[in-house]
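Notes below, in the order I looked.

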Number of protein chains: 2
Amino acid sequence: MTSDSQPSPQALASSPVITWRQGPVGIVGLGLIGGSLGLDLQRQGVEVRALVHREATAERARQRCLASEVSTTPSVLAGCSLVVLALPLDRLLKPPQELVAALPPQAVITDVGSVKAPVLELWQGLHPRFVASHPMAGTAEAGVEAGVGGLFAGRPWVATPDPQTDPACLAAVRALAESVGAHWLSCGAAEHDQAVALISHLPVLVGAALLQTADRASAAGTEGLAGLVRALASSGFAAASRVGGGNPELGTLMARCNREALLVALAAYRQQLGALEQQVRQEDWQGLRQELDRTQDLRPQFL
Amino acid sequence: MTSDSQPSPQALASSPVITWRQGPVGIVGLGLIGGSLGLDLQRQGVEVRALVHREATAERARQRCLASEVSTTPSVLAGCSLVVLALPLDRLLKPPQELVAALPPQAVITDVGSVKAPVLELWQGLHPRFVASHPMAGTAEAGVEAGVGGLFAGRPWVATPDPQTDPACLAAVRALAESVGAHWLSCGAAEHDQAVALISHLPVLVGAALLQTADRASAAGTEGLAGLVRALASSGFAAASRVGGGNPELGTLMARCNREALLVALAAYRQQLGALEQQVRQEDWQGLRQELDRTQDLRPQFL
């Protein structure tokens with residue numbers, strides 16, 4: 001991981017410097033990420049041209065002023081110097097042919113997908129100026145109503161370049177990300193996918209299993225137990241189960257697109273939880289206390 | 001579970017009605033629960049006599065006005081009509097002989113332990129007017145500095161009476177709990193312990209294993225992965241790991257005192273998480289989506 005890597009002078013000399021402010025910015029999809037980006041960019045005086053799927057979405061996006069121009073016709077992207085593909089992972093990985101054809105050959109293209117290896121592999125073959133990136137900003141909301149100003153401020157925006165990635169295009173995406181206040185990071189695609197499996201996709205299944213257990217184990221107990229667990233669940237349970245009770249479509253998509261890294265994370269998790277269970281079974285209270293001392297020390301590192 | 005059960009008229013007739021306001025209230029231990037209760041009761045004009053272990057604690061408790069009188073001598077409890085044992089579980093389960101001897105025979109005695117079956121079993125033999133109870137209120141703080149006014153308002157206060165419990169004593173503890181704004185619940189001790197295993201003790205180990213996994217799996221990866229997971233961990237990971245990074249002493253004590261119910265909960269959890277893992281392994285995306293739809297529906301029931 002590098003957080004402030006600049007392209008080398010040689011790399012910069014080998015390709016022309018692209019200023020993304022040279023032309024309008026295109027955004028494909030005006031959900032939480034696309035809509036929020038549209039609001040932030042327009043506040044900087046940037047012209048934003050957006051492509052959406054449905055006319056009803058376009059109409060609402062115009063009412064919300066999420067972009068300067070909103071259309072359901074791919075030709076709206078003509079003339080854009082940079083295009084952000086703010087699509088859900090499944091559509092990003094199966095892009096309509098007319099979208100690919102409408103991307104200007106000279107434009108820098110980036111995406112916002114939360115899994116990077118398959119996106120990078122596909123899109124490098126579809127466009128020579130593609131840069132894989134992932135702004136790590138989110139709320140529980142989704143859709144055309146979700147976009148808000150300032151979403152990216154202080155949040156990580158991770159790029160996953162590889163040797164094929166044009167350094168000038170990478171620099172252009174970095175400038176875009178930093179213009180909306182994001183904190184730029186760069187790492188390999190596989191490394192990114194392992195990291196998000198551990199801190200983003202694993203917690204979804206861990207929290208989902210917690211809700212299922214509280215529900216099913218209590219339903220199998222005495223008559224009053226199911227009501228009792230609901231009455232006694234505190235803010236600690238609410239926190240532990242938050243992402244496990246989150247957007248099911250997103251959770252499933254992430255598992256599908258990051259399956260291998262998630263399975264590795266799940267195996268590691270199973271081993272850790274098994275070791276704690278073993279300590280409880282063997283009444284190794286000193287050992288359990290040492291592990292909980294350690295996790296108390298660890299947690300601030302992840303905040 | 002009953003949330004508004006009144007002792008039957010017959011039960012009330014069989015034992016004298018005890019008004020806990022007849023005399024001072026004793027509190028043994030002035031940590032988060034004891035200190036907060038002392039503040040709330042004094043605000044009602046109740047005289048509070050507190051017994052603490054160390055003179056330094058007594059001195060600080062006097063400065064903070066956590067009780068009307070604070071002493072390290074058990075005889076401070078003489079004349080109290082109701083005594084609340086606000087001790088950590090380990091000390092509650094191995095009470096000093098001089099404490100037991102100092103409890104007035106006519107006083108109603110209750111505790112605040114987060115596990116009830118072993119407490120009820122022990123203390124019913126130690127005092128005829130014992131009522132096992134558990135105010136479910138907490139913050140991350142502990143010790144003599146932790147007590148705050150209003151801690152119990154709107155929070156559950158669970159009693160776990162059994163046929164030996166004197167209905168008049170139960171009514172006295174209920175009146176005390178409701179006087180500080182708590183929501184009174186009553187259930188069996190075993191049922192209580194199963195419920196807290198599911199919604200309070202299991203989440204500690206589930207969250208601890210999540211922190212361990214993010215730490216150890218990333219340390220075993222590429223050079224930059226350990227830093228990357230820390231940089232990318234979002235509010236979702238912070239929430240999921242909150243109780244897993246909480247007070248290690250409390251976590252160990254709860255596991256020790258509620259070991260059997262916790263092992264049952266862990267086995268049920270292992271099965272649920274294993275089923276989700278199996279869906280990911282078998283690429284059963286429709287099945288996974290159904291489970292995540294279900295956990296999304298479930299979560300509001302626990303808030």
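What follows are my entries on domains, a sheet and a helix pair.

**Ground rules.** I'm working from a predicted model, where local features need pLDDT of at least 70 and side-chain atom pairs count only at pLDDT 80 or more, while totals for chains, interfaces and linings use all residues. Residues are numbered from 1 along each chain as its sequence is written, and chains are lettered from A and ligands numbered from 1 in the order in which they are written.

**Domains, chain A.** I found domain 1 (9–187) and domain 2 (192–302) in chain A; the bounds come from an automatic or database domain assignment. Their C-alpha centres lie 33 Å apart. Domain 1 of chain A puts 15 residues into the contact and domain 2 of chain A puts in nine (contact: C-beta atoms, placed from the backbone, within 7 Å). On the domain 1 side, α4(A) gives the most, with three residues (helices are DSSP runs of H or I, at least four residues; strands are E runs, at least two; both numbered from the N terminus).

**Sheet, chain B.** I traced six strands in an open, parallel sheet, ordered β3-β2-β1-β4-β5-β6 (pairing takes at least two DSSP bridges). The edges are β3 (69–71) and β6 (130–131) of chain B. Four bridges join β1 (25–28) to β2 (48–51) in chain B, and Ile27(B) has Ala50(B) as its bridge partner.

I then checked α13 (285–298) of chain A against α11 (248–257) of chain B: they pack at about 145°, axes 8 Å apart (axes are lines fitted to C-alpha atoms over the stretch in contact; angles run from 0 to 180 degrees between N-to-C directions). Contact residues include Trp285(A) and Leu288(A) from α13(A), and Pro248(B) and Gly251(B) from α11(B).

How values were computed:
Two residues are in contact if their C-beta atoms, placed from the backbone, lie within 7 Å.
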